[in-house]
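Here are my notes on the aromatic contacts, for your review. Please read them with the model open.

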Amino acid sequence: MDGTFQEEGSARIVKFRPPLYKQRYQFIKDLVEKYKPKKVADLGCADCSLLWMLKFCSCIEVLSGVDICASVMKEKMYKLAPLPGDYLQPSERSLTITLHHGSVAHKDPCMLGFDLVTCIELIEHLEQSELKKFPEVVFGFMAPSIVVISTPNSEFNPLLPVETSFRHPDHKFEWNRAQFQNWALEAARCYDYSVEFTGVGQPPRGMEKVGFCTQIGVFVRKYPLSEAIQPEKATKAAYKTVFKAVYPSLKEEKYLQNAVVTEVIFSAQSIMQRLPGHRLMAGHEDNGDPTETKPKFQPSMNRFSEDLGKGAVARSLEPFVNGNAVSIPLSTLFSFPKVRRLCCSFERFCKLISGKVTLSSDGSAAIFYTDCEDEEN
């Protein structure tokens, strides 16, 4: 992650490997892995690249982005939408991603309750009037447990191929380390946060005195949020929601039920392959041919036997074959690790497969029927 000098014509410029923006994103990802926040907001989310990376962090359940430029978000927000694979294999956690159009100088109740707020290369784009309101909005109103703010370190600029005094034409200012630290320490003092300073983009050897290319302040709230300030937070909405995606999750009954039924069928297949005579169930003679077609079976939509509701579960039964039907005790199916992990309890298991799997008359076993077709057909 060091900066390195490269010759380009007569100029010696710094090239970062990996690129500086990736180093900033990796810094946030490492912080997420350390603190495990459930709700994360990215202020100045722009093209949503950081949000896209964070959606793969298993601890995060809510992601929100805010930006003043709606067109940039709308152009890139498609990459935050669930993919077909997310529906085929839903995650065990819930995940909601929302994008808002608005200014970080305005308060909106939709931004309350976050554990981590990131402001990556944002503050240098703010007008003086916006920068003045920024600490009250982020530290006073939103008051997350952790705030991460990154901004360019102007002391590094002489090493960069910048054509103007600032790195980007939209920058309103670029602070040196003392200026950033003075501002950050004052904000931390006013709102009961501690702050530590670090950065990414190390200078080349021999140039360490200029500091990191990107300077970072990590703010941690010192005390739990006081209940006394909650009424003040009942303010009107200032943002417009431009995108919202709710990912399929096993916390939702319909997705959990589908996952359990699929796992039950898979487990039943595994059991059937070990049953004596299973080849005969598929309409084949037991000729020892390893290429024979495996038995096919389907669960039906038959209702549960009333006996099951009375707890009549024959846990001592073993799977057995009766013609083209295979009977497998529910207790056997529930003993498979993934089935048990998905359902947590036997009672929950019984409820989830209700109406999805055919049961024996006493409700103690699941019945699967093989697809028996005559070989000549």
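1. Ring pairs link F134, F173, W175, F180, W183 and F197 into a cluster. Rings of Phe, Tyr and Trp (its six-membered ring) pair if their centres lie within 6.5 Å. Planes under 30 degrees apart count as stacked, over 60 as edge-to-face and the rest as tilted.

2. On the basis: this is a predicted model, where local features need pLDDT of at least 70, side-chain atom pairs count only at pLDDT 80 or more, and totals for chains, interfaces and linings use all residues. Residues are numbered from 1 along each chain as its sequence is written, and side-chain values use heavy atoms, with hydrogens and water left out.

3. Searching the whole structure gives 16 aromatic pairs. One of them joins W52 and F56, edge-to-face, at 5.0 Å centre to centre and 80° between the planes. W52 is partly exposed, at 38% relative accessible area. F56 is exposed, at 53%. The cut-offs: buried is under 20% relative accessible area, exposed over 50%, partly exposed in between (1.4 Å probe, protein chains only).

4. Y87 and Y255 make a tilted pair, 6.5 Å centre to centre with 55° between the planes. Y87 lies in helix α4 (residues 84-88) and Y255 in helix α7 (residues 253-273), so the pair ties together parts 168 residues apart in sequence. Helices here are DSSP runs (H or I, at least four residues), numbered from the N terminus. Y87 is partly exposed at 43%; Y255 is buried at 15%.

5. What sits over the ring of F114? The charged end of K39 does, 5.1 Å from the ring centre. The criterion is NZ of Lys or CZ of Arg within 6 Å of the ring centre and within 35 degrees of the ring normal.

Key. Helix = DSSP H or I, 4+ residues; strand = E, 2+ residues; numbered from the N terminus.
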